[in-house]
Each structure stands twice: as C-alpha cells, then as structure tokens.
Amino acid sequence: KAQQETRLRATRTQLGDMDAVVLRGKGRAFIEQKPVPAAASGQVVVRIRAAGVCGTDVEIFDGTLGYFETGLATYPITPGHEWCGTIVDVGPDCPANWAKGQFVVGETTMGCGDCCGFCPEQYNRCPQRTETGIARRDGGFAQYMAFPVSALHRIADTVPVDVAVLAEPLSVCVHAVESAQSPKGTHAVVFGDGPIGLLLAQVLKSYGATKVVMVGATPQRLELARTVGADAVLDVRGQSLLDVQAYLRQSFGGCLPSLVYEASGNTEFVTPRSAPQLVARWC
C-alpha cells in the first residue's frame, strides 16, 4: 500500500526527471538524470535553490571521509548538507502547517527515532542515523530532494537565498557557543578564519562577547573578520605559540581570554597541550 501511494504521488507531482550530482567512488563525480523523488509519508519535496560546498563534501569526493572506514557512508551518494529550497509537494501525514511555496532549510542528522537509546535528544549519536548528503541519505546537490518534515525548518521569505543556505553551518556555531560558558561580557578568541570561524565571531558578538580576537592565516579572510565583528585579528603565519600568547595578553589588557574556539583544523598549532597556554578556559 505504501509503495502504491508513493507511486501515485510521484505521478501526481509530474515533475519528471532532474539533474543531480552523483559521487560513485573516490574522485568519480557525475551529473546524472534521475527521477524526481516522490514525497512519502511525512515528507515534502523541495526544489533546491542553493547548496553550499563544505569541507566534508570535498572529503566525500576524495574518499578521505572517516565514515567510509566505519561503514556509515558508502558510494554512490549525492552530497550537499548545506541547502535551502522551496516546497513543491507535500506528502501524506504531514502536519497542516506545511504547504507548497514555503521557504525551508533542513537539518543534517536524523536519528532512528526511538530504538537506540540516543533518540530523540541525542539523535546525532544514533548508530542508525542518516546524514543528509553524507551518510544513507542523498543531499542537496540536485534540483529536487524529498525530505522529512520532522527535520525541516521554515525560513522567512525575506531572507536572501545566499544567506539562508548558511543556516546549517551557522547552527554549528550557535551550538558551540551555547554549549560553553555564556560569552556575555567575556573575552574570546577564535582560531581559524574559514567560514566556521567567521560565523563564530559573529555569533559570539551577538551573544554579548565584549571582545573577540580572530587568529588565522589568510589575509583577506582576516580583513573580512574585522568587518563582521572581530575586534582584533592576528596573522599567525611565522608566529610561535609564545607570540600568540603575547598578542592575546596585549589584546585583552594583560589577561588571557576566558573562551577559545578552535575552528582551523590545525592540529599542529592548537592542541589540548598548547591550549592552556593560550586561554584561561578551554572549550
């Protein structure tokens, strides 16, 4: 019955085929034509309006993603976990508040529901989880995508597409800030001037951090950091650990900052061993 219902809905949508990026192995990327997915029970079909490229997508392409070793991820997969789009079809059993034409974004990780002991509160740890565009669920590098409303979020129509597509990485930064000591009235340093680091600086300021220092190695990104909220920046190229420590003390009136966020991925510079020498509190 469920299969018949799905086929009926696929016929009703009358959207035909779509283009999708399909990774079929290490370094093997193709643009393929696939049937537009139908909205199963509790799902909607979303027309993708924008999708971001994350470092994880690069790891999926070149085969270095750790999930391939654990078996959580396999080829083929359509990547794309940072996306936004418009609902074009609503499947059966969806709450009445979901409708065609709504502007939406979706979460990356979805748990099994109730059988593993982690769901629903810690669904990101569920061993049976799916991760959009990464593990067991195709992502947004396609023209259309079927997506469960349980992991869907409305976005105001006034939000530009190129801003809405940043909702997923922004949520990572919000979670990081809310998981640590409240930044209100504190000093903080962000290591890493990539997209996550730049978003972190903005979130910290919006949560009330008095002063935020950005440490990075890309001059144009450090300059951008100043425009989005960083009070001071440090180009770490050629700097030693002691140099960075001295700069932080100078920036924060002789004291080390109370919060540090590592967003560079540089395991040679910022480590659990070096962190206590850089900040008063490690998060």
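## Close-ups of a predicted model

**View 1. The largest nonpolar core.** Of the 19 residues that make up the largest nonpolar core, Val190, Leu204, Met214 and Tyr261 touch the most other members. Two or more residues each come from helices H5, H6 (195–206) and H7 (219–228), and from strands S11 (187–191), S12 (211–216) and S14 (259–262). The top contributor is H6, which puts in 6 residues. Keep in mind that this is a predicted model, here and in every view below. As background, nonpolar side chains in soluble globular proteins tend to be buried together.

**View 2. Zooming in on Met214.** Which residues does Met214 touch, leaving aside those up to four places away in sequence? Val190, Gly192 and Asp193 are on the list, along with Gly197, Leu198 and Ala201. Then come Leu222 and Ala225, and finally Ala230, Ala232, Val233 and Leu234. Val190, one of these contacts, is also among the core residues that touch the most other members.

**View 3. Strand S3 and its two partners.** S3 covers residues 43–52, and it's mostly covered itself, with 7 of its 10 residues buried. Strand S4 (residues 82–90) runs antiparallel to S3, and 8 bridges join the two. Look for Ile48, whose bridge partner in S4 is Gly85. Strand S9 (residues 144–148) is antiparallel to S3 too, joined by 5 bridges. Here Arg47 sits opposite Tyr144 of S9.

**View 4. The largest pocket.** There's about 910 Å³ of space in here. The lining takes 30 residues, and those nearest the centre are Thr108, Glu168, Pro169, Ser171 and Val172. Helices H2 (55–62), H5 (167–179) and H6 each give two or more residues to the lining, as do strands S4 and S5 (103–106). H5 has the largest share, at 6 residues.

Notes: Residues are numbered from 1 along each chain as its sequence is written. This is a predicted model: local features need pLDDT of at least 70, side-chain atom pairs count only at pLDDT 80 or more; totals for chains, interfaces and linings use all residues. Side-chain values use heavy atoms; hydrogens and water are left out. Buried means under 20% relative accessible area, exposed over 50%, partly exposed in between (1.4 Å probe, protein chains only). Helices (H or I, at least four residues) and strands (E, at least two) are DSSP runs, numbered from the N terminus. Two strands pair if DSSP finds at least two bridges between them. On a 1 Å grid over the protein atoms alone, a cavity is a set of points where a 1.4 Å probe fits but cannot get out, and a pocket is an open set with protein on both sides within 12 Å along at least five of seven lines; lining residues have an atom within 4 Å of a point. Grid points are joined across faces, edges and corners, and a volume is the space filled by probe spheres set on the points. A nonpolar core is a set of buried Ala, Val, Leu, Ile, Met, Phe, Trp, Tyr and Cys residues joined through side-chain atoms within 4.5 Å. Contact means heavy atoms within 4.5 Å.
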